[in-house]
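Dear colleague,

I am handing over the structure we spoke about, with the sequence alongside. Please look it over first; my notes follow below.

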Amino acid sequence: MRRRRAWRTSTQELWQRFWEALRPLDPYRSVKAALGALVIVSVIITTLLVFMAIASATELRVITVFSIIASLLVTQFVANSLTAPLGEMTDVTRSMAHGDYSRRVRSGRRDEFGDLANAFNRMAADLEAVDTHRKELVANVSHELRTPIAALRAVLENVVDGVSEPDPETMRTALKQCERLGRLVEQLLDLSRLDNGVVPLHTRRFEVWPYLSGVLKEANMSRGASTLAGSGTHTRTDVHLHLDVSPPELTAHADAERLHQVVANLIDNAIKHSPRHGRVTVHARRGEGPGSLELEVQDEGPGIPESERYRVFERFNRGGPGTSGPGTDGGTGLGLAIARWAVDLHGGRIGVAESPRGCRIRVTLPGLESSRN
């Protein structure tokens with residue numbers, strides 16, 4: 001029994017090697033070979049019919065008619081097998097023209113049409129990725145423009161309703177939001193290069209305490225603005241924000257605008273998942289290198305399960321059932337993804353750190369080292 005199995009295996013291997021040697025002549029691996037086989041089969045059929053006519057004394061015109069019919073049948077069979085992928089590609093192309101990029105062409109063939117089908121499927125996958133990127137781009141734009149627009153609208157509505165006077169301080173606040181909105185619009189022009197990581201960083205040295213104080217002040221303004229502007233952001237006004245910078249004269253070297261995206265999104269996420277009358281603390285410490293910075297945003301919410309920590313920075317991830325809270329409104333699931341992108345652009349690290357209570361997200365920026373690189 002074993003000898004028979006061994007003999008069968010060796011025979012199959014020899015046959016496979018022989019078939020591979022004839023690969024250029026395999027009609028299933030080459031369209032040229034298939035057309036050549038079609039011509040050979042037609043000639044053989046015609047020759048056999050001629051010999052039959054000579055042996056049976058049949059008229060030549062009858063043999064000619066039968067030869068033409070047989071050749072047409074063989075040609076039709078081969079043509080259908082060769083052109084079937086083209087018809088399928090036409091149907092898929094029409095679906096793609098209507099916005100459906102999920103369809104693919106069957107690529108089981110081994111000839112040139114099989115190679116064309118594989119290339120076509122790769123193209124369809126690339127187009128689907130571009131369409132997904134376009135939708136993410138629109139979501140990113142709306143997410144980033146929402147906060148300054150809501151804050152600016154709140155300031156102007158307070159002035160119109162007489163809640164606050166149009167004094168220089170109020171106008172400076174409105175002007176600051178307009179300037180930030182303008183900077184965001186300019187940065188959106190570079191979104192086509194974000195995923196390639198070629199957006200330039202405008203790094204500079206700045207004092208951490210006044211910088212983070214301004215970010216927290218804007219966060220408080222956005223919380224009050226959400227109710228008036230109806231922008232869809234959180235309306236939590238019962239959460240207390242606290243800033244802890246050590247030492248107080250700490251300085252850092254980074255892109256202030258990109259870092260603003262990181263801190264603002266982390267604070268917004270922490271507020272949403274905080275309990276009633278909770279507390280969100282922003283810690284800032286000196287890092288290991290010159291100009292480096294370590295930031296931590298700590299809340300008192302339910303925290304993030306360890307099994308979900310690797311997914312919280314993915315786009316459109318809105319957390320699992322264990323990440324709900326009084327201020328949770330679902331959101332767009334882009335805040336932490338944007339924060340990760342900005343940190344990666346600095347050459348830093350961002351992740352969920354261990355915490356006995358709530359969620360702690362730690363950000364490490366390398367400072368001057370990333371500028372040299």
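How much accessible surface does the chain have, and what percentage of that surface belongs to carbon and sulfur atoms? The accessible surface comes to about 22100 Å², and carbon and sulfur atoms account for 58% of it. Please keep in mind throughout that this is a predicted model.

As for the chain in general, its secondary structure consists of nine helices and seven strands, and 38% of its 373 residues count as buried.

On the cysteines, the structure holds zero disulfides. I looked at the accessibility of two of these residues: Cys178 has a relative accessible area of 37%, which falls between the 20% and 50% cut-offs and therefore makes Cys178 partly exposed, whereas Cys359, at 7% relative accessibility, is under the 20% cut-off and so counts as buried.

The helix pair that I would ask you to view next is made up of helix 7 (residues 256–272) and helix 8 (residues 335–346), whose axes come within 8 Å and cross at roughly 150 degrees. Because angles over 145 degrees count as roughly antiparallel, helix 7 is roughly antiparallel to helix 8. The crossing of helix 7 past helix 8 is left-handed. On the helix 7 side, the residues that meet helix 8 are Arg258, Leu259, Gln261, Val262, Asn265, Leu266 and Asn269; on the helix 8 side, the residues that they meet include Leu336, Ile338, Trp341, Val343, Leu345 and His346, together with Gly335, Ala339 and Ala342.

A cis peptide bond, with omega about -5 degrees, joins Ser246 and Pro247, and Pro247 is found in the loop between strand 2 (240–246) and strand 3 (251–255). The other point concerns His277, which is not a glycine and yet has a positive phi of about 55 degrees. His277 lies in the loop that runs between helix 7 and strand 4 (279–286), and because its relative accessibility of 62% is over the 50% cut-off, His277 counts as exposed.

Note on methods. Residues are numbered from 1 along each chain as its sequence is written. This is a predicted model: local features need pLDDT of at least 70, side-chain atom pairs count only at pLDDT 80 or more; totals for chains, interfaces and linings use all residues. Side-chain values use heavy atoms; hydrogens and water are left out. Helices (H or I, at least four residues) and strands (E, at least two) are DSSP runs, numbered from the N terminus. Buried means under 20% relative accessible area, exposed over 50%, partly exposed in between (1.4 Å probe, protein chains only). Accessible areas come from the Shrake-Rupley method with a 1.4 Å probe; for residues, only the protein chains shown count as cover. A disulfide is a pair of cysteine sulfur atoms within 2.5 Å. Axes are lines fitted to C-alpha atoms, for helices over the stretch in contact, and angles run from 0 to 180 degrees between N-to-C directions. Angles under 35 degrees count as roughly parallel, over 145 as roughly antiparallel, 65 to 115 as roughly perpendicular and the rest as oblique. A crossing is left-handed if the near helix is turned anticlockwise from the far one by less than a right angle, and right-handed if clockwise. Contact means heavy atoms within 4.5 Å.
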